[in-house]
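This report looks at charged pairs and helix packing in the structure shown below.

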Amino acid sequence: MEKVLITDDGSRIIYDFYPRSNAQNLVLIHGNASNRHYFDAQLAVYQRDFQVIAFDSRAHGQSNNTAKNLTFEQIADDVAALLSAESIPKTAIMGFSDGANVALVFAKKYPNLISSLVLNAGNLRTSGLLLWVRIVDEIMYWLTKILSVIAPKFRRYVQIQKLLMQDIPLAWTDLRAIQVPTLVISGNHDVVRLSHTRRIAAELPNSELKIISGGHHSYGKTYPILFAKKVVEFIKFRGSR
């Protein structure tokens, strides 16, 4: 069921809510420049066991952003507002790429609202990305910024692209305060350095690390059923403890 949340700053957040009685809750957070439909091929697996929310992050997809800037903290606050709107006291979160970064910010800011985390291909620092990825992100940012002068419709993409170039507002030591069961999952051919992924898992005190041999950044999109089953298995049997 498609629904609309109006935030305190007047932004419209579009989300799909799949209710299920007496089930664990699961919020899905997509990556940068994407939308909630990234998870479409995974949804059937999640709906068997969970009550699910999938939303377009502000400035992404059908959601807008009335604020001057776009930050990880804003999106984390939007997640909290979605939970409040649906009277959900606590949830598991599965975040992909920038969605994983939002999930970490949410876990730090709202520890009482989270039961478990699945972090797929996130990065605490931009230095954790491969060099060629950082170069491409920089080029795309300036190209989009120039285009926004000519065509105002590109202004939202400047905000989105800029988010890729920002470290998330957490220190490495902040991860140690996140106590919920956490699955850190990534491919060994991801655009996030493997050493960076390993450190994220090492700093989280209650984490499990899964490196998928041959997996790339969008492994969950290429193999949605296989990936979703890994997520369900973790949340049901480890994340619910």
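This is a predicted model: local features need pLDDT of at least 70, side-chain atom pairs count only at pLDDT 80 or more; totals for chains, interfaces and linings use all residues.

Because R176 lies in the loop between α5 and β7 (182-187) and E203 in helix α6 (residues 194-203), the pair ties together parts that are 27 residues apart in sequence. R176 is partly exposed, with a relative accessible area of 45%, whereas E203 is buried at 13%. E203 also forms a salt bridge with R199, and these two residues, being 4 residues apart in helix α6, are separated by about one helical turn.

The structure holds 11 salt bridges, including these:

| Pair | Closest N and O atoms |
|---|---|
| E203 and R199 | 3.4 Å |
| R36 and D56 | 2.7 Å |

D137, in helix α4 (residues 131-150), is buried yet has no salt bridge, the nearest side chain of opposite charge being R134, 7.9 Å away. Leaving aside residues up to four places away in sequence, D137 touches L129, Q161, L164 and M165.

Q161 is one of the buried residues of helix α5 (residues 155-164), and the buried residues of α5 pack against α2 (72-85), α3 (98-109) and α4.

Elsewhere, the axes of helix α1 (residues 40-47) and helix α8 (residues 224-237) come within 8 Å and cross at roughly 40°, in a right-handed crossing. By class, the contact of α1 with α8 has 9 nonpolar, 1 polar and 1 charged residues.

Note on methods:
Residues are numbered from 1 along each chain as its sequence is written. Side-chain values use heavy atoms; hydrogens and water are left out. Axes are lines fitted to C-alpha atoms, for helices over the stretch in contact, and angles run from 0 to 180 degrees between N-to-C directions. A crossing is left-handed if the near helix is turned anticlockwise from the far one by less than a right angle, and right-handed if clockwise. Ala, Val, Leu, Ile, Met, Phe, Trp, Tyr, Cys and Pro count as nonpolar, Asp, Glu, Lys and Arg as charged, and the others, Gly among them, as polar. Buried means under 20% relative accessible area, exposed over 50%, partly exposed in between (1.4 Å probe, protein chains only). Lys and Arg count as positive and Asp and Glu as negative; His and the chain ends are not counted. A salt bridge is a side-chain nitrogen of Lys or Arg within 4 Å of a carboxyl oxygen of Asp or Glu. Contact means heavy atoms within 4.5 Å.
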